[in-house]
Each structure stands twice: as structure tokens, then as C-alpha cells.
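Have the model open and follow along.

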Amino acid sequence: PPRKRTRISAPFHFGEAEVEQNKQPSIDVLPDECLVEIFKRISGGKERSSCACVSKHWLMLLTSIRKGEYESSKVVKENVGSNSEEDDGYLTRCLEGKKATDMRLAAVAVGTSGHGGLGKLSIRGSSSSRGVTNFGLSAVARGCPSLKVLSLWNVPRVGDEGLCEIAKECHLLEKLDLCQCPHLSNKGLIAIAANCPNLTALSIQSCPKIGNEGLQAIGKLCPKLQSISIKDCPLVGDHGVSSLLSSASSVLSKVKLQGLSITDFSLAVIGHYGKSVTNLMLSGLQNVSEKGFWVMGNAQGLQKLVSFTIASCWGVTDVSLEAIGKGCANLKQMCLRRCCFVSGDGLVAFAKSAGSLECLQLEECNRVTQSGVIGVLSNCGLKSLTLVKCMGIKDISLEAPLSSSCNSLKSLSIRNCPGFGTASLAMVGRLCPQLQHVDLSGLCGITDAGLLPLLENCEAGLVKVNLSGCLNLTDEVVLHLTKLHGATLELLSLNGCRRITDASLAAVAENCVFLSDLDVSRCAITDVGIAALSHAEQLNLQVLSFSGCSGVSNKSMTFLKKLGKTLVG
């Protein structure tokens, strides 16, 4: 209420500017309650940001005010309606390392409120001494009710209090990503479940205090949940996973479970309730046996499953894999990593039972043999096959004629499989005449004699070819490749093929029309080869790599300038 200013009696001395200065009125004498009331009446976000720049004290006061408490917000709500917050959330902010502090978060909360509102916030690698705490997260919650995406990675000082404040204020939250947050527990997750009904994606990794109760609440109270990822959380078990999947089965489409102590029971629940699941990843589930995967396949609930990745799960065997193939009628992409009990025969049985399979990827599956690979190609309509570090493949010439060709295969990638040699490659070449993408990087054993039949049998025209690390290949392969497929070739990598010389570059310059990416790093090329490329009339290279080519000197600068008309890298 208005009142008379208190009279101050003090001796007055001429010439003493200091006393004169003390008599000047100052806003600092006002108590915090008055300053807060003044700040609430500041109309625009720009003006509030200016106030926040005055001092840390003013910044802290501004962060204590909720966005809805400003007079301008009340006027907008009266005129436009109570759902005006839904129009906010245009801005994205990411704080990493030393920049992730409470002060910066407070500044973000105040600064973004008048410029469209904060929609996405990522905090990564916060310092353990000066990093983000519950205070900073609470400031964001009060100032940014439009927040839709929150990512917290390695923030050891944030606990349930901060996450509960986010849940209390940010009801529009759709995606939550929590990684290495040791002080977050079920309490914070339950608060999110109770207050954020729009949550569609949840990712939890290495949060040792989050367990079954939090997941159970998410499943019951978040009806729009579409994606769930849980990794390395020791308190998460069958009860939490099964409750979540059975409650959210109607819309849940993406599921990732890694490094958890769940058993066969959880996989049975996935097989029964996963009616909407399209993408599934299971990794490092040491307590799941063959029976769990077998039951999951035979439950017949995964009819919409399109992409399935299994890594380091001892329960995957020939028997369980075949059951998965029969139970997932629409499975198109299958990736098996470090599944040491899957053999070539099991792979063939799986390929026959999975009628819709298009892409198969095998990494470090060491019981898979050459006959298994040939059997898979002969018995299903694969479009893409990838083999990485499969040490069980041995290069054996099969005397029996190949039963049928695989005309559907467009992409073949065989990387770092030392046993895959000339004989194997020749058989694949005869089996797959429609190849367009070929990646044979790291196959030290293949020679010109093994690769030439494949090049000659490719009827569709090769588009991308990666031969990096194939040490025994010579210019003869490149000459044949460019003559046969120069009209379609767009990418060629010969990195580390030390027997490739300038003759190959001359062939590329003469025959390749659409080649845009060429890598001849660590090859035996010289200035002569670069000159040949620069004189090509139809060549339009965009990326050229020749690192480690000691035969290239300053003489090539003139040729590179000419190539530079089309080069971007």
C-alpha cells in the first residue's frame, strides 16, 4: 500500500560526494518478495532476459517464478484459452560437460520463455562438483512448461526431487532419456507416470535405483507409450518388464532390453502381448534359455514384428531360431550378434520358415559355415546378406551343382571373414546374378580369380563396390570392373589394395560415367594416375581419397584444381 517515505536525519557536509551518493534511491533495498512481484509484471521475454543479466540474485528470483504466474501469461490465457502452452516448444538446448551448470540452466529457463519456449533439452556429462543439481532442473520445470523432450546423461547430482518437479510442471513431456543417473529411483519415475500422460518414449540406462515399481507405473499410467529401452539396470526384473509389456501392449511398437536379469517368463510375455511390436532388440540376457526364445516364437503374438536383433544371448539355438521364424510371419530384418550356438543348418531352417525375410545380418556367429551361407541363399528371397567376423566359414570347393539361384539378392557384405576365399566368392557369384552393392572389405584371401566370376555374373550392374583391405587384388580386377559396370558404378573403395596402380585410375577415367566417390588410399598410385582422372571428360567425382599414397607429389596440384570443379571432399 502507498505510504509516506521515511524521513532520514543525517548530517550534511558540502563536498562529500560519498554521502550524497548514499542518498540516491536503490532498488536493492527492496525485499525479494517485492522484486518478485515487479518481475511478474514485466510484459515480454526480452525484458525478463535483460533483468536476468543484472545479477545472479535477480536470475535466481526470476527462475522461482512459474511461467503461468506472469501477468502477460494470464492475459494470453484469458484471450486465447488455457491450451496456449501447446503452441510453445520450438527451441532446443544442449548443455555438455563444464557448460552444464545450474546457472546456465536457469538462464536457459528465463531466456527461452519469450522466444517460442523450450521444447527439447539435453544435459550430457555434467561435472560432479559444479554440475547440474535438482535446483537447475527445477528452474527448467518452472520456466519451461512446454518441454517435450528431456535427456539426462551422466548427471550424478540430480535426484528424484528434480525429476518430480519436471513431472509436476511439464505435463506435455513426450520423450524421457535417463542414462547414468545414480540418484534417480522409482519415486521420480512414478511421478513422471502420474503427471505425463503424453509420454511416448522412455529410455533408461545404467540407473541402479530404478526397478520394477517405476516400470509398472509407466505401463499403467502412460497409455501412449510407443518405445521402451532398458539397459544395465540391476533392479529391473521379470515383474517390471512383464507388467510394462502387458499394460502397454496396444501401442508399444519398439522394445529394447539389454543386460537385464530377466528370465524365460519375460520372453513368454513378449511373445504373447507384443501384438503391436515392430522393432525388438534383446541383448546380453544371460538368464534366458532356449525355452524362453522357443516359447516367444510359438506364442504367435509377434505378427507385426519387422526388425529383430539378438546379441550375446546363449538361449538362441537352432531350435529356438526356427520357432522364431515360424512365429513372426512378417519379419523382414534379422540380426544375430555373438550367438555362438546357431549353426549353418539352423540358419537354413530359419530362412525357410521366415517367409518374409529380406535382410539377414550375422556378426561373430562362429558355428555358421560356408554350406550354411549357400543354403540360406538357395532357400529364401533375401535382398541383403551381411557377414562380419564369422570365423567358422572355410573356403571349400563344392563338387555338387548349386540347386537354384537367388535372384532377389541386391546387397552382399562379407567383412573380415578370413575363411571366405576364392571358392566361396565364385559360388556366391553364380548364385546371385542381380547384385548391385558388394562389400568385401578385409577379405585378405580373395584373388582376381575369385572375384572375376562374380563381376561377370552380375547382370543388373554394380553400383557400390568396397574392396578395402583386399591385399591380393590387382589392376586386372579394376579393369574388368570398370568395363563391365562402368555405366552404373557410383562408389568404389580400394583402400589398402597395395597392388593397385595408375592403370586402374586410367580405366576408371575411361569407363566410369556416374562414379562420385573414389577411395584409393594406401594404393601404389602416382601423379600419373591423378592426371588421368583430371583428363576424363565424363567423370564427375565428388569425393576423392588418396591418403598414404607416397607416389603423389606437388605435381598433382594442377590436376586437383581441375578435378576441384566437381569435388566437394
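Axes here are lines fitted to C-alpha atoms, for helices over the stretch in contact, with angles running from 0 to 180 degrees between N-to-C directions. For the classes, Ala, Val, Leu, Ile, Met, Phe, Trp, Tyr, Cys and Pro are nonpolar, Asp, Glu, Lys and Arg are charged, and the others, Gly among them, are polar.

Before going further, a word on what you're looking at. This is a predicted model, where local features need pLDDT of at least 70, side-chain atom pairs count only at pLDDT 80 or more, and totals for chains, interfaces and linings use all residues. Numbering starts from 1 along each chain as its sequence is written, and side-chain values use heavy atoms, with hydrogens and water left out. Helices (H or I, at least four residues) and strands (E, at least two) are DSSP runs, numbered from the N terminus.

Helix 4 (residues 56-63) and helix 6 (residues 102-112) have axes that come within 9 Å and cross at roughly 60°. That makes helix 4 oblique to helix 6. Lys56, Leu59, Met60, Leu62 and Thr63 of helix 4 meet Met103, Ala106, Ala107 and Val110 of helix 6. This contact has seven nonpolar, one polar and one charged residues.

The buried ones are Asp160, Gly162, Leu163, Glu165, Ile166, Ala167 and Glu169. They pack against helix 7 (134-143), strand 3 (149-153), strand 4 (175-179) and helix 9 (186-195).

Helix 9 also holds asparagine 186, which is buried at a relative accessible area of 14%. Leaving out residues up to four places away in sequence, asparagine 186 touches Lys209, Ile210, Gly211, Asn212, Glu213 and Gly214. Asn212 and Gly214 are among the buried residues of helix 10, and the cover over helix 10's buried residues includes helix 9, strand 5, strand 6 (227-231) and helix 11 (238-247).

The loop between strand 5 (201-205) and helix 10 (212-221) is the place of proline 208. With 37% relative accessibility, proline 208 counts as partly exposed. Proline 234 is 26 residues away from proline 208 in sequence, yet 6.0 Å away in space, C-alpha to C-alpha.

Finally, zoom out. The protein has 22 helices and 18 strands, and buried residues make up 51% of its 569 residues. Of the contacts with a separation of 6 or more, 82% are between residues 24 or more positions apart.

Conventions:
Parallel < 35°, antiparallel > 145°, perpendicular 65-115°, else oblique. Contact = heavy atoms within 4.5 Å. Buried < 20%, exposed > 50% of the residue type's maximum accessible area, 1.4 Å probe, protein only.
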